[in-house]
Protein chains: 2
Amino acid sequence: MAETQLRFGILCCAEIARKVSRAILLSPTTTISAIGSRSLEKATAFASENHFPESTHVYGTYDAVLDDPDVDIVYVPLPTSLHLRWAVRAAEKKKHVLLEKPVALNVAELDAILAACESNGVQFMDATMWMHHPRTEKMKQLLSDDQRFGQLKYVHSAYSIAEEDDFMKNDIRVNPNLDSLGALGDAGWYCIRAILWAHDYDLPKTVTTFPDPVYNESGVILSCGATLNWKNDGKIATFYCSFFSNLCMDIIALGTRGNLRVHDFIIPFNEKVGHFYTVANSMWAELALGCGPEPSEFTISTDLPQEALMVREFARLVHRIRSGEAKPEKKWAVISRKTQVVIDAVVASIKNGFVPIEVVY
Amino acid sequence: MAETQLRFGILCCAEIARKVSRAILLSPTTTISAIGSRSLEKATAFASENHFPESTHVYGTYDAVLDDPDVDIVYVPLPTSLHLRWAVRAAEKKKHVLLEKPVALNVAELDAILAACESNGVQFMDATMWMHHPRTEKMKQLLSDDQRFGQLKYVHSAYSIAEEDDFMKNDIRVNPNLDSLGALGDAGWYCIRAILWAHDYDLPKTVTTFPDPVYNESGVILSCGATLNWKNDGKIATFYCSFFSNLCMDIIALGTRGNLRVHDFIIPFNEKVGHFYTVANSMWAELALGCGPEPSEFTISTDLPQEALMVREFARLVHRIRSGEAKPEKKWAVISRKTQVVIDAVVASIKNGFVPIEVVY
């Protein structure tokens, strides 16, 4: 039996909202019923350009979207500094909240958002799309395989992107009043999430930022990295994020028996097909003249792109709540909070001269 | 005109000496004339098992090899703690010195070795084989290409190997009296060399070891890593080395316009064919639904394995000296010393609580 389509309201006309709008319309269980922008003209053009349904309500304020009874879920792609205000307000209006990453400027803000979602009984999820690609689950199966991977010892994750001059001067992600976490929030978020994902969300004991991050004139981070330490069998991880180098979206995970590599974990090169690479039980050839086996490529196809799978999963959780079958799924709030806790530790390590910072959930 | 074959004497029957002996016999300009071990019986068996020429002089001491007038070059694969003594003595006997890595326990020891080589007019080179693979030069061409790579921003290098229980208990590389640098000397050496190579041997300003290296009961490092900082346009590098995880021999170099990846930089999976992967000028697809181009694979074939190319290059330098055409080539001493200087900084950072250590050549 086809379930009722859940109706999204979208807060602002961010570039990323174009991709997520397409995903909402691609996902069989969702549609778009409203969009709000501070400029009605901009919202009208956005709705038209992105093929929103004719019936979409177009508003010149965000509040109007939250007040619209035809909106079930609010998607919030606003600049990070506005998340606290609008995500809380959406929850208070009993709208389920799909929140762009980075979710907040710090964990205190995120806690206010999560508390509002909890007390209003609405679902929360951050919009980290790659979590929903079927490749991600396949890679997790490998990491959990004692024979093919063994015990996880080290994860390295990197997200770099060579941003243009215009971005470096004008983008909200380098504006201290809008996205003060800069590359750490935009790019580092993914790397930290990847590391936690590989560790089944077991938080590290300490986080130590690499010396000498790069900042812009306003003090916004443009590149940085850190070491995460579990103080357990030598388990560590490192990440590096940057707005300065050509696109790289790598996870390298080293286990006692095998390795995993992926080079496009955040956005697959091709939305229909994802690859990853593994090798297990490597051995030297006689005299160490070579070694084998060589890494194998795994290919995972998907009919729906990862962002549509994210929207579909969110809708599934909301449907369960509306039918009385389940309460809001807490898992996504916990994962978001753990990611934010590590980001806060990176910031604290920088502020304290790159010393190890204890991670407290 | 065929040049005279240069004659190697080999100090000890280390496992790695089997591979290098094969390389000496494969290289057209070299042969083996002597081997010495503390056990004459062991040396005799080694010479036979490794197909040494019938004419090879087999000795029960190292000194006998150094005193043999039929030896032009000495290859020293002894445990690191013995390098100072035997490399210096070899130079004093006017033998050219091919020295296994890690070259010394610290830069003071290496300086004594280099001084002995210089004052005796003999060639010095460390046995870092991958430097001599034709792939290495091809990768360097890419890193130097402004259009396909741009300015180098970040290098990550990792060498891990899952060592067996027997190695962990008995190998000289975890014995504090023989190879007290442990994984740092054995595996980290390659990673540091790779980073310096990518930077045209421009030394970093500081080195900061990641917190919490793993040691064995004798205090020998079994896994560690560090951040290298150039304090110039945000250029940094990281490395990770370990005896705990399945084989990984990666370099990832990120430039402003392109990236380079190689997964078997130390010993190619196949000695005849090496691969590396590059991508340049990556762009998002419309709506960032994907990105491209995908990385391209480059394949470099070689008739002679990299260790034979190393031996051939060493012989070429020695022939130039013997013909009076040139003095000993200093480049290899400088590269070794820079690698050792960074290793010393890693050790100093550990001893001082993982603080940044200024790198002084």
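## The sheet of chain B and its copy

Colleague: How many bridges join strand S2 (residues 30-36) of chain B to S3(B)?

Modeller: This is a predicted model: local features need pLDDT of at least 70, side-chain atom pairs count only at pLDDT 80 or more, and totals for chains, interfaces and linings use all residues, while side-chain values use heavy atoms, without hydrogens and water. Residues are numbered from 1 along each chain as its sequence is written, and chains are lettered from A and ligands numbered from 1 in the order in which they are written. Strands (E, at least two residues) and helices (H or I, at least four) are DSSP runs numbered from the N terminus, and two strands pair if DSSP finds at least two bridges between them. S2(B) and S3(B) run parallel, and the bridges joining them number 3.

Colleague: Which strands stand at the edges of the sheet in chain B?

Modeller: The open sheet has 6 strands in the order S3-S2-S1-S4-S5-S6, paired in parallel. Each edge strand has a single partner, so one side is left without a neighbour in the sheet: these are S3 (57-59) and S6 (124-126).

Colleague: Which strands does helix H5 (residues 107-119) of chain B touch?

Modeller: Contact means heavy atoms within 4.5 Å, and angles run from 0 to 180 degrees between N-to-C directions of axes, which are lines fitted to C-alpha atoms, for helices over the stretch in contact. H5(B) packs on the sheet, at about 140° to S6(B). The strands touched are S5 (96-99) and S6.

Colleague: What rotation superposes chain B on chain A?

Modeller: Copies are superposed by least squares on C-alpha atoms of residues with pLDDT of at least 70 in both. The shift along the axis is 0.0 Å, the RMSD is 0.0 Å, and the rotation is 180°.
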